[in-house]
Amino acid sequence: MPNTIDAHAMKDLVGQVVGTSEWVQVSQERINQFAEATGDFQFIHLDPEAAAKTPFGGTIAHGFLTLSLIPLLTQQSDVPRPAGIKMGVNYGGNKTRFLSPVRSGKNIRGHFKLLEVDEKRPGQWQQTMEITIEIEGEAKPALICEWITQFFV
């Protein structure tokens with residue numbers, strides 16, 4: 001059962017790390033499926049032999065694949081959800097930095113810090129989260145972004 005909280009009470013959490021996700025594997029199959037879905041067939045994602053000759057040492061996930069896993073990581077986290085939520089939508093991002101490649105087969109997880117939450121109109125809220133996606137066993141994260149979501153209660 002997700003951790004729920006009154007939308008107004010979320011304001012008290014601003015500035016705090018509010019959750020961490022479970023680990024999610026970024027398999028070569030997932031990378032291949034993302035390439036098919038987006039048309040990004042660059043060899044560093046799909047050709048293990050050619051990618052082994054690069055500084056990456058093997059195939060890596062698309063940066064946008066890692067970014068696109070944010071909804072899954074959020075769903076598999078203990079981040080509080082507004083009670084009575086009817087829907088949530090991605091609104092955009094303020095900053096995104098791809099800091100380290102995610103090698104095929106690696107596990108990643110998200111850490112979520114609530115930066116801002118405001119009621120835009122009755123029942124419509126906007127939150128900004130700083131999301132850091134950690135790569136298991138590596139010191140440098142895959143990415144850090146500020147992501148904006150709107151939700152309706």
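Leaving aside its neighbours within four places in sequence, which residues is Glu146 in contact with? I took this up first, working in a predicted model.

**Glu146**
I found Glu146 in strand S8. Its contacts beyond those neighbours are Gly92, Gly93, Asn94, Lys95, Leu115, Thr128, Met129 and Glu130. I then checked burial. Glu146 has 16% relative accessibility, so I list Glu146 as buried, the cut-off being under 20%.

**Nonpolar core**
Next I looked up the largest nonpolar core, which has 30 residues. Val26, Ile108, Ile131 and Ile133 touch the most other members. I noted which elements give two or more residues to this core. They are strands S3 (24–26), S6 (106–121), S7 (124–135) and S8 (143–152), along with helices H1 (28–38), H4 (63–68) and H5 (70–75). S7 gives the most, with five residues.

I followed up on Ile133. Leaving aside neighbours within four places in sequence, Ile133 is in contact with Thr66, Ile70, Leu73, Ile108, Arg109, Gly110, Pro141, Ala142 and Leu143.

**Aromatic pair**
How many aromatic pairs are there? I counted one. The ring centres of Phe64 and Phe98 lie 5.8 Å apart and the planes meet at 85°, so I logged the pair as edge-to-face. Phe64 sits in helix H4 and Phe98 in strand S5 (residues 87–98). The two are 34 residues apart, so the pair links distant parts of the chain.

Phe98 is partly exposed, at 43% relative accessibility.

Key: Residues numbered from 1 in each chain as written. Predicted model: local features only at pLDDT ≥ 70, side-chain atom pairs only at ≥ 80, totals over all residues. Heavy atoms only, no water. Core = buried A, V, L, I, M, F, W, Y, C linked by side-chain atoms within 4.5 Å. Buried < 20%, exposed > 50% of the residue type's maximum accessible area, 1.4 Å probe, protein only. Helix = DSSP H or I, 4+ residues; strand = E, 2+ residues; numbered from the N terminus. Contact = heavy atoms within 4.5 Å. Phe/Tyr/Trp six-rings, centres within 6.5 Å; stacked < 30°, edge-to-face > 60°.
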